[in-house]
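Biologist: I am new to this structure and should like to go through it step by step. May we look at it together?

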Amino acid sequence: MIITASDFFSRSAEALLQAEEDAFFSAIRNGNNTFKRTHRARFADLDEELIRAAKEGRRSPREVLDVGISSGTTTLDLQAALTAAGLRPRITGTDLALHASLVPLGGGASALVGPEGHLLQLEVAGRSVRPWRRRLDWLTGMWVGRPLLVRWAMARLGHASERRPVMLVSPRLREDRSIEVVEDNILCRRKEFTGRFDMIRAANILNRDYFGSDQLRAALDNLRSYLSGPGALLLIVRSHNDGSNHGTLFQLREGGRLDVRQRFGDGSEVEELAMQG
């Protein structure tokens, strides 16, 4: 059973099992129909290779950008791996959807709501309820009950006066002051990131299921502009349903060109676009 948002956001990091955290985020579907699915040690093998490449570079990384952090679990993994390798760069984690609100609906019910009013989770009688349909609903009868519950919740939200702001990240990340967390749209260039980062990881975000070719080019141009200079590293990776990771590690050359340094699995599906800039 997935824990409720009110329970999740009332616990400290020590009082929350990793399995509970992973299940909670995996059941959240954002307004753009993407999920916050993640789990610890998801990119452990790639983190080792990324760190090895960084240590072979012109200098130790001073600034690291982790793009599309979801709950931030794998950002904490990367931080731990860097520390174990004797590296202590400043880490910035970004994601499109980091802020939400807990809203009491009355009668012991509540809702976890995104910034644009999108329902992320409902709590009814102390149980968590997904506001989105699943195939299983056709067997359980929830294909009728779930939309009715959602309509009731939306009507109640229109009259709610109390809202508790929360951050959609791991409590371990919320309590870690050494990592800066920024809400960011990868399609919009951020001036303060320009030329700043020696290492960038973009995991499970740059793929053709989410973006068209023009959007991918814009996102890749933005990430390229954030790299600090020749020798800086950019890792683009995607996890497949079987748990395998496929990606490409690029290195910035003179003139702003990205060259392939290393491939993992089948490589990144946007590798060709990345090298066109």
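Biologist: In which helix does Ser 213 lie, and how exposed is Ser 213?

Modeller: This is a predicted model, in which local features need pLDDT of at least 70, side-chain atom pairs count only at pLDDT 80 or more, and totals for chains, interfaces and linings use all residues. Residues are numbered from 1 along each chain as its sequence is written, and side-chain values use heavy atoms, with hydrogens and water left out. Ser 213 belongs to helix α8, where helices (H or I, at least four residues) and strands (E, at least two) are DSSP runs numbered from the N terminus. Buried means under 20% relative accessible area, exposed over 50% and partly exposed in between, with a 1.4 Å probe and protein chains only, so Ser 213 is partly exposed, at 31%.

Biologist: Leaving aside neighbours within four places in sequence, with which residues is Ser 213 in contact?

Modeller: Contact means heavy atoms within 4.5 Å. Once neighbours within four places in sequence are set aside, the partners of Ser 213 are Arg 208 and Leu 273.

Biologist: What distance separates the end C-alpha atoms of α8?

Modeller: The expected span of a helix is 1.5 Å times one less than its number of residues. For the 14 residues of α8 (213-226) this gives 20 Å, and the model agrees, because the end C-alpha atoms are 20 Å apart.

Biologist: Which elements cover the buried residues of α8?

Modeller: The buried residues of α8 include Leu 216, Ala 219, Leu 220 and Tyr 226. Among the elements that cover the buried residues of α8 are β1 (63-67), β9, β10, β11, β12 and α9 (271-274).

Biologist: Which residues of α3 are exposed?

Modeller: In α3, Leu 46, Asp 47, Leu 50, Ile 51, Ala 53 and Ala 54 are buried. They cover an arc of only 160° (taken from the directions from the helix axis to the C-beta atoms), which puts them on the same side of α3. Their cover includes α4 (73-84), β9 (199-203), β10 (233-239), β11 (245-252) and β12 (258-264). On the other side of α3, the exposed residues are Glu 48 and Lys 55.

Biologist: Is Phe 25 buried or exposed?

Modeller: Phe 25 is found in helix α2 (residues 18-26). In α2, Gln 18, Glu 21, Asp 22, Phe 24 and Phe 25 are buried. The buried residues of α2 fall within an arc of 160° seen down the axis, so they line one face of the helix. With a relative accessibility of 0%, Phe 25 counts as buried.

Biologist: What volume does the largest cavity have?

Modeller: On a 1 Å grid over the protein atoms alone, a cavity is a set of points where a 1.4 Å probe fits but cannot get out, while a pocket is an open set with protein on both sides within 12 Å along at least five of seven lines; lining residues have an atom within 4 Å of a point. Grid points are joined across faces, edges and corners, and a volume is the space filled by probe spheres set on the points. The lining of the largest cavity includes Ala 53, Ala 54, Arg 58 and Leu 233. The volume of the largest cavity is about 90 Å³.

Biologist: Which element gives the most to the lining of the second largest pocket?

Modeller: The second largest pocket holds about 270 Å³ of space. Of its 13 lining residues, the closest to the centre are Met 1, Ser 128, Val 129, Arg 130 and Arg 146. Two or more lining residues come from each of β6 (127-129) and α6 (142-157). With three residues, the element that gives the most is β6.
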